Amino acid sequence: MIRAGIINVTGYAGMELARLLKFHPDVDLVGVTGRSASGTELETFLPHLDGMNQLIKDEGEIENPDVIFSALPHKASAEACIGYLNQGVKVVDISADFRLDSLKEYESWYVEHPAPEYMDQAVYGLTELNRDKVSVSRLVANPGCYPTGALLGLAPLVSETMITKDVIVDSKSGVSGAGRSLGLNVHFSEANEDVSAYGLQGHRHLPEIEQGLAELNSSVDWAVTFTPHLIPMTRGILSTIYTHPLDSALPMNDGGQKQLTDLFKEFYRDEPFIRVTDAPPHTKQVAGSNMTQIHPTLDVRSGKIVVVTAIDNLVKGAAGQAIQNMNVMLDIKETQGLMGLALFP
Ligand SMILES: NC(=O)c1ccc[n+]([C@@H]2O[C@H](COP(=O)([O-])OP(=O)(O)OC[C@H]3O[C@@H](n4cnc5c(N)ncnc54)[C@H](OP(=O)(O)O)[C@@H]3O)[C@@H](O)[C@H]2O)c1
């Protein structure tokens, strides 16, 4: 059995890790930490995690783990990972601390990096696109929730250079994407029956999307407009991606639509967690599951390609993909513990 620990089980991503790991047949959860609830039984603090039989500990108290998941906010996360990395423990970091290749870029969007010496060792864990590197890594930077939906929707087009450099990613997120900490924007009376855009001058996930596109295809100087929206639902991200096909890349007719669908189906043919759908996906179809649903379509009248993706921000966008990465890192079957279906309606 793999001995796994969760740093910070008290936040949304950490508690989702605990929920999913309970049914992972190869994992023994040997410790969970949480600043605000240290010394409390996990199921007392979080009653939905019934039967976990875990006492919430202080950071650093997880004994002899083989793998650590960190679900802390950035900066605190890297700080908490250093000790485990120094001991040779494998780490999957759900925060943004190790996602960007460039220290300068990280520090321009976040804060001074607390562990820059480990940046070179980190592998960006968008599993479907980076599986080989993840399999030999000791530190995986789990992708951001928005970049997961955006990059998976763009990868087939970008890898094949089917589109021009201008890309628009219009994403809608449920409020759990903002975490459990209290804030005016997530008050029920303010978030309910309301929709708003934010981050118009540059959201922290933008450099991650740009970096991911450049890794897929560095021959194009990608120009991404990314507009996130907060909408009144609990979980899920729906991203609608608008691109222009290169001249003659696709005929603007039913044949072009078939070529586009076939391209996506072929690209993701062997992927257990990606479904290319014939109808636009709903976030409810993936809620609680590790699936990404992708619907590529041709807008024949305007000559554009529109791709719609749906993920659960807490599963494929966080805890589920983290477990997928752990499975790949530790040479466990990739789907192990992750085949639960969505909760619908
Ligand atoms: N929510 C998502 O959809 C999502 C998706 C992908 C990635 N992530 C990433 O996952 C991480 C956790 O996000 P989340 O949404 O789960 O956050 P969250 O629900 O707000 O939980 C964060 C918790 O971290 C603890 N904390 C805050 N500052 C700390 C510090 N300096 N030292 C120690 N503990 C601290 C607090 O718990 P205590 O009250 O116990 O101290 C806080 O409640 C973040 O890095 C986030 O970017 C989140």
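Trainee: Which residues are closest to the ligand?

Mentor: In all, 30 residues surround the ligand, where a residue is near a molecule or strand if its C-beta atom, placed from the backbone, lies within 6 Å of it. This is a predicted model, in which local features need pLDDT of at least 70 and side-chain atom pairs count only at pLDDT 80 or more, while totals for chains, interfaces and linings use all residues. Residues are numbered from 1 along each chain as its sequence is written. With that numbering, the closest to the ligand are G11, R35, S95, G179 and R180.

Trainee: Which helix gives the largest share of the shell around the ligand?

Mentor: Helices (H or I, at least four residues) and strands (E, at least two) are DSSP runs, numbered from the N terminus. At least two residues of the shell come from each of α1 (12-21), α3 (76-86) and α10 (315-329). The largest share, three residues, is that of α1.

Trainee: How many residues of the shell around the ligand are charged?

Mentor: Ala, Val, Leu, Ile, Met, Phe, Trp, Tyr, Cys and Pro count as nonpolar, Asp, Glu, Lys and Arg as charged, and the others, Gly among them, as polar. Sorted in this way, the shell has 12 nonpolar and 16 polar residues, and the number of charged residues is two.

Trainee: Which exposed residues does α3 carry on the face turned away from its buried side?

Mentor: A residue is buried if 20 or more other C-beta atoms, placed from the backbone, lie within 10 Å of its own, exposed if 12 or fewer, and partly exposed in between. In α3 the buried residues are S77, A78, A80, C81, Y84 and L85. Seen down the helix axis, these fall within an arc of 160 degrees (the arc of the directions from the axis to the C-beta atoms), so they line one face of α3. The face turned away from them carries G83 and N86.

Trainee: Which edge strands does the parallel sheet have?

Mentor: Seven strands form this open sheet in the order β3-β2-β1-β4-β5-β7-β6, and two strands pair if DSSP finds at least two bridges between them. Pairing on one side only marks the edge strands, β3 (56-57) and β6 (123-124).

Trainee: What is the bridge partner of S196 in β10?

Mentor: Another open sheet of seven strands, with mixed pairing, runs β9-β10-β8-β11-β14-β13-β12. In this sheet β9 and β10 (residues 223-230) pair in the antiparallel sense over two bridges. The partner of S196 in β10 is L230.

Trainee: Is D194 buried or exposed?

Mentor: D194 lies in the loop between α7 (188-191) and β9. Because D194 has 11 other C-beta atoms within 10 Å, it is exposed.
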